[in-house]
Amino acid sequence: MTRRWPLRRRVSSAPPSYTRLHSILKSERRWFWATAAALSCLVVGAIWCVDYIPTNDGPQHLFLAYASQHLGDADKGYGRYLEPGAPLTSLGFHTLYGAALRLWEWRPALRVTLSIMALGWAWSVVALAASLRRPWLGILGFAGAFQWSFYMGFFSFYIAMAFGFTLLAVAGWRPHWRPIERVALSGLLLCTTMCHTVVGAIMGAALTLEVVLRRRALGDVLLLALMGLPSLAILLLAPAGPASLDFDLWPEPWATHLTFVARTSIAGPAWRCWPAVAWAGLGLVLWARESRHQRVPHAAALWLVGLACLLVAIAGPVNLRNWQFFSMRFGPIAIVLLAVLTPIERLTSATTRAGAVVVMTLYAATSIGWAAAYNRELVAGSADVLAGLDAPVRREGPRLDLVMTIQPMSWPQQDRPIPYLIPFWNIGPLFAVAQGGVPPRIFAWPGGTPLMWRRQPQTPYPLHPTFFPAEDLASPEKRDDRALYTSNVLSSLTFVHEYEDVIFHGNPEDLLLLRQRGFTFDFHRGGFALARFAGCPVTIEIEPEPDADSPKTITAHWSPTAPPAVSFTLPSGAPSVIEIPHSPCGELWVRVLYDRDRSGTPSRGDRICAEARGDGFVRVPIPVAGTRFKCRPGAVAGGG
């Protein structure tokens, strides 16, 4: 008979403190998943509580993805001026939103896409914290899901960060990478780089540090190089954007730089942005104070890269020549990489640990709640513009978008809840998605974007004014200068006769000015209007000089400070009657130059109209029925 021995109870050889900690962690696991699921629901709810979240560059990315799928639609008109590009980067939002557009209309597809993006960012931070066996620190991901980059519409950078954090999480999960993990790391690094090259370079540097700090053999270094080859090829081949900015350094003191890191990372009020910075600072200091034998190579790589990103965020230039808001992008990366280094496992007391978890959870929940309230506030302040999206208007030609005011916004721009946020700065691409047509300012250049301007367009795209400085006019010293404001409005309308309509966002009193100048409205509400220009006809008759007739240069302007809307050069002896069918109503400023020395430019000795002012301008009143203006040669111009 076989004797049955009683089962022996396994006695743990681990110290009591570790056994107690393991028990605490095991009991916390189900609470963590429940908390993370609840916070995920809050994140999605903050997006779906409104139909549309206004962002700075968001409409540009919307338009590129939407127009790429409707490029051949004749009723949209995109294909007249645009053609497909072959980009290597900035493809994250384009791919995700393009897939959603196959299932839903553009607005629900956008909400689905933003939900996936926000959840992906939050859970990537959870994964990174879990790779250090500190999943509760991943709660920061939910608190920072609605951050400055999100509201500024830097979607490519935002998605790249999520891929990058996931990449670092996979890299740190095991001390030795198996072949399948190497393939996953290579793919994640490639996805990160295809979303944004700078984030890809940062995460590639972190992987390199992982290998160096682990003192791997030469074979591991060669394998890492092989893993990074696809991403390196994209880094080398991806073109830079157009150089449209000056190299801009920080003019403020260092303390202001640190403050701005907080405002352009998590963003929002002080109670929302500063705890995340303090959290990161705690992780930075505590990890640095650990003894050498306690330091894990994975954590060391995060610490070094996080510190480098923090220094760039504090001391880096604001703008590069082809990249706006350069230094502000590095704050969220630095905060996440440093915050997850906080050694929460040292809290062995159940009460202390539970208190820390409750504080982190409340911080995340209130941060999401603030974002939901702010989203509703943005929509309420943009009700006029959003109502225009639903107007029964269809366009297929060029559309001129003019943003003449950024109110209601606080000044200076750093004091806004989201610094530099102008909800409808890119209003043209948004209305082009909803109603068709092509605005003049879109992110389209060869090799860098999904769409680019056609090299041989079906019809030439009209001239357009420079980007209107609404930000500058909103400054306290200029916002009450009505004459300056009106002058800039008229200057921006100079080429309006070549456009199918104007998407105008200004003040309510501006609409009266537009109506007086010859516009009709398809939709208007408050200070917003979808307007078409009709104008009033003007005939200009120029009398010849009594002696030898000279060539004549004629320009017509909406105001004396506006660029010429039309310009003619008549040779001597040519008929001197000019028809301008698209002149503005109300008034037109005409300048006629009798070019006596045939220099082609105003010079001493040339004649101007007898009715002109000293600068050569004649104000011509124009009734609705039109008018005829006659210029008689007058005094000799005094300009040199």
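Tutor: In this predicted model, buried means under 20% relative accessible area.

Student: Is Tyr52 buried or exposed?
Tutor: The cut-off for buried is under 20% relative accessible area. Tyr52 has 4% relative accessibility, so Tyr52 counts as buried.

Student: How are the rings of Tyr52 and Phe424 arranged?
Tutor: Planes under 30 degrees apart count as stacked. The ring centres of Tyr52 and Phe424 are 6.4 Å apart and the planes lie at 20°, so the pair is stacked.

Student: How many residues apart are Tyr52 and Phe424?
Tutor: Tyr52 sits in the loop between α1 (16-48) and α2 (58-69). Phe424 lies in the loop between β2 (399-403) and α18 (427-435). The pair links distant parts of the chain, and the separation is 372 residues.

Student: Which kind of aromatic pair do Trp323 and Phe326 form?
Tutor: Planes over 60 degrees apart count as edge-to-face. For Trp323 and Phe326 the centres are 5.1 Å apart, and with 70° between the planes the pair is edge-to-face.

Student: Are helices α9 and α10 roughly parallel or roughly antiparallel?
Tutor: The axes of α9 (residues 179-195) and α10 (residues 197-213) come within 6 Å and cross at roughly 150°. Angles over 145 degrees count as roughly antiparallel. The two helices, α9 and α10, are therefore roughly antiparallel.

Student: How many charged residues are in the contact of α9 with α10?
Tutor: From α9 the contact takes Leu189, Thr192 and Thr193, and from α10 Thr197, Val199, Gly200, Met203, Gly204 and Leu207. By class, four are nonpolar and five polar, and the number of charged residues in the contact of α9 with α10 is no charged residues.

Methods: Residues numbered from 1 in each chain as written. Predicted model: local features only at pLDDT ≥ 70, side-chain atom pairs only at ≥ 80, totals over all residues. Heavy atoms only, no water. Axes fitted to C-alpha atoms, helices over the stretch in contact; angles between N-to-C directions. Helix = DSSP H or I, 4+ residues; strand = E, 2+ residues; numbered from the N terminus. Parallel < 35°, antiparallel > 145°, perpendicular 65-115°, else oblique. Contact = heavy atoms within 4.5 Å. Nonpolar A, V, L, I, M, F, W, Y, C, P; charged D, E, K, R; others polar. Phe/Tyr/Trp six-rings, centres within 6.5 Å; stacked < 30°, edge-to-face > 60°. Buried < 20%, exposed > 50% of the residue type's maximum accessible area, 1.4 Å probe, protein only.
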